[in-house]
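Student: I would like to learn how to read helix packing. Can we work through one example together?

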Amino acid sequence: MSLLSIERLDVRHGLLQAVREVSFAIDQGETVALVGANGAGKSTLLRAIAGAHAPASGRIVFDGADVTSLRAYKRVARGIALVPEGRRLFGEMTVEENLQVAERVGRRGYWTMQTVMQLFPMLQARRDALTGNLSGGERQAVAIGRALMTNPRLILLDEVSLGLAPVVIEGLYRSLPQLLQGGATLVLVEQELSRALSVATRVMCMLEGRIVLDTPAASATREAIVDAYFGLHRGAEAKGAA
Ligand code: ATP
């Protein structure tokens, strides 16, 4: 049984249909890179999976249960954690308080205040700092730490490297294998293709609200991904499949 199954999902922003009849299934332990141009619908899809945005139609099945109309905090309790683009933190709360809030709504498991601090030692010294006063890298670490504190089975990472210094991004990517402790599953939205491919086991590309490419990372050529990204069909035509 798949961990996550998306069935003919439509998600709208008013009249705009941001996600169109999307269907796919993800097994436990996969690391999926979700790529696509700005506005392709990636964030909207992740937010719908996390319960932050209600779909217009379709189903979201997690661990065998239909969670389509479940409130976001109840999905967290079941093991779905979103690290949103823009890192929405409680800026007037300290690092420790941000992490504690997550602990209360989540599941029990490997990730605790202690193990998160071990993963991101930079946060140890900043424990009592207000998150509003942190650097971009520190804030991102808190955002990921907050998701981990819920001991998620499915982690949805939305452009975690956006706006960060290269050295911080490298550190984040080095920590990714540790995020997957205990068999967690990861969906990662990333603008930088080579970075996404360095960790992914599977690549999905969105274009104008649809999944136009879904392939194991090992057999994904850069050319095929770029074609899908821009809506070109060179590869498909070459194989007579257009
Ligand atoms: P980006 O990399 O720019 O975040 P994305 O692939 O994540 O792109 P979305 O942010 O999901 O794409 O946006 C999909 C479409 O929905 C776009 O046309 C965008 O303008 C629109 N959209 C996104 N958020 C909203 C919103 N809050 N209100 C109205 N339209 C929105």
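Student: How are H3 and H5 oriented to each other, roughly parallel or roughly perpendicular?

Tutor: Keep in mind that this is a predicted model. Start with the angle between the axes. Angles under 35 degrees count as roughly parallel. Here the axes of H3 (residues 95-105) and H5 cross at roughly 25 degrees and come within 8 Å. H3 and H5 are therefore roughly parallel to each other.

Student: What is the hand of the crossing of H3 and H5?

Tutor: That crossing is right-handed.

Student: Which residues meet there?

Tutor: From H3 come Val-95, Asn-98, Leu-99 and Ala-102. They meet Val-142, Gly-145 and Arg-146 of H5. By type, this contact has four nonpolar residues, two polar and one charged.

Student: Why do residues three or four places apart point the same way in an α-helix?

Tutor: An α-helix has 3.6 residues a turn, so residues at that spacing point the same way. Look for that spacing when you read a contact list.

Student: At what angle do H5 and H6 pack?

Tutor: H5 (residues 136-148) packs against H6 (residues 166-179) at about 15 degrees, and their axes are 11 Å apart. That angle makes H5 roughly parallel to H6. H5 passes H6 in a right-handed crossing.

Student: Which residues make the contact of H5 with H6?

Tutor: H5 gives Gly-137, Gln-140, Ile-144 and Leu-148. H6 gives Val-168, Leu-172 and Leu-179. These divide into five nonpolar and two polar, with no charged residue.

Student: Which residues of H6 are buried?

Tutor: Buried means under 20% relative accessible area. In H6 the buried residues are Ile-169, Leu-172, Tyr-173, Ser-175, Leu-176 and Leu-179. Leu-172 and Leu-179 also belong to the contact with H5.

Student: What covers the buried residues of H6?

Tutor: The cover includes helices H4 (113-119), H5 and H7 (193-199). It also includes strands S7 (154-158) and S8 (185-189).

Student: What is Gln-178 in contact with, leaving aside its neighbours within four places in sequence?

Tutor: Gln-178 is in contact with Trp-111 and Leu-119.

Terms used: Residues are numbered from 1 along each chain as its sequence is written. This is a predicted model: local features need pLDDT of at least 70, side-chain atom pairs count only at pLDDT 80 or more; totals for chains, interfaces and linings use all residues. Side-chain values use heavy atoms; hydrogens and water are left out. Axes are lines fitted to C-alpha atoms, for helices over the stretch in contact, and angles run from 0 to 180 degrees between N-to-C directions. Helices (H or I, at least four residues) and strands (E, at least two) are DSSP runs, numbered from the N terminus. Angles under 35 degrees count as roughly parallel, over 145 as roughly antiparallel, 65 to 115 as roughly perpendicular and the rest as oblique. A crossing is left-handed if the near helix is turned anticlockwise from the far one by less than a right angle, and right-handed if clockwise. Contact means heavy atoms within 4.5 Å. Ala, Val, Leu, Ile, Met, Phe, Trp, Tyr, Cys and Pro count as nonpolar, Asp, Glu, Lys and Arg as charged, and the others, Gly among them, as polar. Buried means under 20% relative accessible area, exposed over 50%, partly exposed in between (1.4 Å probe, protein chains only).
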